[in-house]
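Here's a quick briefing for anyone opening this structure for the first time. Take a look at it, then read on.

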Amino acid sequence: MIETIAFYCMAAVALGGAVLVVSLRNTVHSALALGLSLAGVAGLFACLGADFLFAGQLLIYVGGIAILIVFVVMLLGRTSDLHLRQVNEQWAAALLVCAITGAGLWRLGGLYRAATSSVPATATTRSIGLLMLGDYALPFELISLVLLAALLGAVFFSRKDIS
Amino acid sequence: MSLSLGHYLVLGAALFLIGLFGALTRRNVISILMSIELMFNAANINLAAFNHYLHPAAVTGMTVALFVITIAAAEVVVGLALVLAIYRNSATAYVEDFHLLKG
């Protein structure tokens, strides 16, 4: 019972934040709503028993990415932005695309809809660590290369004078 | 009424569709990046939910979700640096003004 209540609360936070992200006119408010939505998703990970993923989501997404986006919004924002429309004229076509994608996802999800789980959640950090340094060692090393490349790329692109 | 995999799949699909709608309709390039982050999160919810309900003993789905989070961090860092570079050259953050290559 408590799992159901927690799920619906976290789902409301995640979905409400997401709706605010795409509907608010002020981009700063949008970025703050993104942080709220990401925190809701972290709560859903906790509902699923993914404790390490919960911590990673809070540290990387809420503490890192959302803050970074807020910084860039504040660097780029102008007061005149508040009076401009923030959506283009193609919302009807976008709604159609979303409806078709949603119908496809509904049909795909129907295959697995009834699956329930009675296994209690256990701590996952140790098994994730063993998997990352065992079977997933190569992707683990590659991802560190990707992070290094992203770091260098960010420094390169945001330099003042590219000569 | 207990929770099933369907609850999480519907939630993930709803989050994905909200993100898709935002990515298609917003004019500000930072808002588009935020919508893409929402879509990444929807995929992560699905990965963790499939892991929990179909293979409770394994942690493969959570590990892949961690990789997705890392890739998303790299993507948003490079994307925001590019946005800053474009803004410095053309002083705009609206995607319809990015038309340097238009003939």
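Two residues are in contact if their C-beta atoms, placed from the backbone, lie within 7 Å. With that in mind, B:Ala48 touches A:Phe45, A:Leu48, A:Ala50 and A:Leu53 as well as B:Gly61, B:Met62 and B:Ala65, leaving out residues up to four places away in sequence. Keep in mind that this is a predicted model.

**Chain A**

- Chain A has six helices and zero strands, so reading along its sequence gives α-α-α-α-α-α.
- With a radius of gyration of 20 Å, well over the 15 Å that the globule rule gives for 163 residues, chain A is more spread out than a compact globule.
- Its C-alpha atoms fill a box of roughly 55 × 40 × 30 Å along the principal axes.
- Chain A is split into domain 1 (1–77) and domain 2 (123–163), and 23 Å lie between the centres of these two domains, taken over C-alpha atoms.
- Of the 163 residues in chain A, 25% count as buried.
- Among contacts in chain A with a separation of 6 or more, 59% come from residues 24 or more positions apart.
- H6(A) has 21 residues and reaches 30 Å from its first C-alpha to its last, close to the 30 Å expected at 1.5 Å a residue.
- The number of buried residues in H6(A) is two out of 21, so this helix lies largely in the open.

**Chain B**

- Chain B has three helices and zero strands, running α-α-α from the N terminus on.
- The radius of gyration of chain B is 17 Å, whereas a compact globule of 103 residues would have one near 13 Å.
- The box filled by the C-alpha atoms of chain B is roughly 55 × 25 × 20 Å, taken along the principal axes.
- Buried residues make up 51% of the 103 residues in chain B.
- For contacts in chain B between residues at least 6 apart in sequence, 50% join residues at least 24 apart.

**Where the chains meet**

- On the chain A side, 71 residues are in contact with 59 residues of chain B.
- Helices H1 (2–23), H2 (27–47), H3 (51–76), H4 (91–109), H5 (125–133) and H6 (137–157) of chain A each supply at least two residues of the side that touches chain B.
- H3(A) gives the most to that side, with 14 residues.
- The residues on that side of chain A divide into 49 nonpolar, 20 polar and two charged.

**The largest nonpolar core**

- In soluble globular proteins, nonpolar side chains tend to be buried together.
- Here, the largest nonpolar core has 66 residues, and B:Ile30 and B:Ala48 touch the most other members.
- H1, H2, H3 and H6 of chain A, along with H1 (5–25), H2 (29–54) and H3 (60–90) of chain B, each supply at least two residues of this core.
- H2(B) gives the most to this core, with 14 residues.
- From chain A, the core draws at least three residues from each of domain 1 (1–77) and domain 2 (123–163).

**A closer look at B:Phe16**

- B:Phe16 is found in helix H1 of chain B.
- Is B:Phe16 buried or exposed? Buried means 20 or more other C-beta atoms within 10 Å, and B:Phe16 has 23, so it is buried.
- B:Phe16 touches B:Met39 and B:Ala42, not counting residues up to four places away in sequence.
- The C-alpha atoms of B:Phe16 and B:Val64 are separated by 18 Å, and the two residues are 48 residues apart along the chain.

Key. Residues numbered from 1 in each chain as written. Chains lettered and ligands numbered in written order. Predicted model: local features only at pLDDT ≥ 70, side-chain atom pairs only at ≥ 80, totals over all residues. Helix = DSSP H or I, 4+ residues; strand = E, 2+ residues; numbered from the N terminus. Nonpolar A, V, L, I, M, F, W, Y, C, P; charged D, E, K, R; others polar. Domains from an automatic or database assignment. Core = buried A, V, L, I, M, F, W, Y, C linked by C-beta atoms within 7 Å. Buried ≥ 20, exposed ≤ 12 C-beta atoms within 10 Å, placed from the backbone. Rg over C-alpha atoms; globule rule 2.2 N^0.38 Å. Expected span 1.5 Å × (residues − 1).
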